[in-house]
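These are my notebook entries on one protein model. I set down what I looked up, in the order in which I looked.

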Amino acid sequence: DMNRAREWFGRAAELGEPRAQFGMGLMSERGEGAPVDLAAALDWYRKSSAQNNASAMNNLANMFASGRGVARNDQAAFVLFERAVGLNNATAMNNLGRWYREGRHVTRDDGRAVDLFRRAVRLGSREAMNNLAFMYEQGRGVARDPAEAARLYRRAAGLEDERGS
C-alpha cells in the first residue's frame with residue numbers, strides 16, 4: 001500500500017531520519033503514493049544528502065546531471081558523485097566511472113573509469129561488472145582480455161560466481 005508507506009516514510013522523514021528522507025525522495029520522484037513531484041524529490045534528497053546519505057547524493061547528482069526537476073549543473077552533480085563515492089556508494093562509483101569512460105562532463109580517463117568500476121564490482125554492482133567487462137573487451141584502461149570480459153559478463157548475468165564457477 002503505497003499511500004500508507006508514504007505516510008509512514010513522511011512521518012519519519014519529518015523527524016529528520018535520513019533513510020526516510022531518501023525514501024520520500026524516491027517516492028516523490030517516481031510518483032509512488034502521490035503524483036510525481038520533482039521539487040519535493042529534490043528537497044528530500046537534499047535533506048538526506050546533508051546527513052551523508054550516499055544514495056540520496058547519487059540520486060540528487062543524477063537530477064543535476066540530467067536537469068530533471070532542477071537546472072542542469074554538471075559541477076554540482078560531479079561533487080555529489082564524488083562525495084557518494086567517498087562514502088562507498090557502488091551506484092555512484094559506477095555512474096562516475098561512466099562519466100570518465102565517456103568523457104562526459106570530465107576529461108576522458110579510462111584508467112579512472114576502470115578503478116571506479118572495480119571498486120563498485122567489489123561492492124557487488126552488476127552494472128559495474130558489465131561496464132568493467134566492456135573495458136576489458138575493448139582494451140580501454142586495461143589490457144584487452146576477452147576471457148576476462150566474458151567472465152565478467154557471465155558473472156553480471158548471474159551465470160558465474162566470483163570464483164568463476
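**Entry 1. Basis.** I am working with a predicted model, in which local features need pLDDT of at least 70 and side-chain atom pairs count only at pLDDT 80 or more, while totals for chains, interfaces and linings use all residues. Residues are numbered from 1 along each chain as its sequence is written, and side-chain values use heavy atoms, with hydrogens and water left out.

**Entry 2. Whole chain.** I looked up the secondary structure and found nine helices and zero strands; helices (H or I, at least four residues) and strands (E, at least two) are DSSP runs, numbered from the N terminus. In sequence order the pattern reads α-α-α-α-α-α-α-α-α. Along the principal axes, I noted a box of roughly 50 × 35 × 25 Å for the C-alpha atoms.

Of the 165 residues, 45% are buried. Here buried means under 20% relative accessible area, exposed means over 50%, and partly exposed lies in between (1.4 Å probe, protein chains only). Among contacts (heavy atoms within 4.5 Å) with a separation of 6 or more, 40% join residues 24 or more positions apart.

I recorded an accessible surface of about 8400 Å², with 48% of it belonging to carbon and sulfur atoms; the areas come from the Shrake-Rupley method with a 1.4 Å probe, and for residues only the protein chains shown count as cover. I then compared the charges: the mean positions of the 25 positive and 21 negative charges are 1 Å apart. Lys and Arg count as positive and Asp and Glu as negative, with His and the chain ends not counted; each charge is placed at NZ of Lys, CZ of Arg, CG of Asp or CD of Glu.

**Entry 3. Helix H3.** I checked the length of H3 (residues 38-49), whose end C-alpha atoms are 16 Å apart; this agrees with the 16 Å that its twelve residues should span at 1.5 Å a residue. The expected span is 1.5 Å times one less than the number of residues. The buried residues of H3 include Leu-42, Trp-44 and Tyr-45, and their cover includes H1 (2-14), H2 (18-30), H4 (54-66) and H5 (74-86). At the N-terminal end of H3, Asp-37 is the cap, with a side-chain oxygen 3.3 Å from the backbone nitrogen of Ala-39. A polar contact is a pair of N or O atoms within 3.5 Å; within protein, one must be able to donate a hydrogen and the other to accept it, and residues adjacent in sequence count only if both atoms are side-chain atoms.

Entry 4. Met-129, Leu-132, Met-135 and Tyr-136 are among its buried residues, and the buried residues of H8 pack against H6, H7 and H9 (146-156).

Which residue caps the N-terminal end of H8? I found Ser-125, with a side-chain oxygen 3.0 Å from the backbone nitrogen of Ala-128. Ser-125 sits in the loop between H7 (110-122) and H8 (126-138). Its relative accessible area is 14%, so Ser-125 is buried. Leaving aside residues up to four places away in sequence, Ser-125 touches Ala-90, Asn-94 and Ala-120.

**Entry 5. Positive phi.** I noted that Asn-52, in the loop between H3 and H4, has a positive phi of about 65 degrees although it is not a glycine. At a relative accessible area of 49%, Asn-52 is partly exposed. Asn-88, in the loop between H5 and H6 (90-102), also has a positive phi of about 65 degrees and is not a glycine. Asn-88 is partly exposed, at 48%. Just after H8, Gly-139 takes a positive phi of about 70 degrees.
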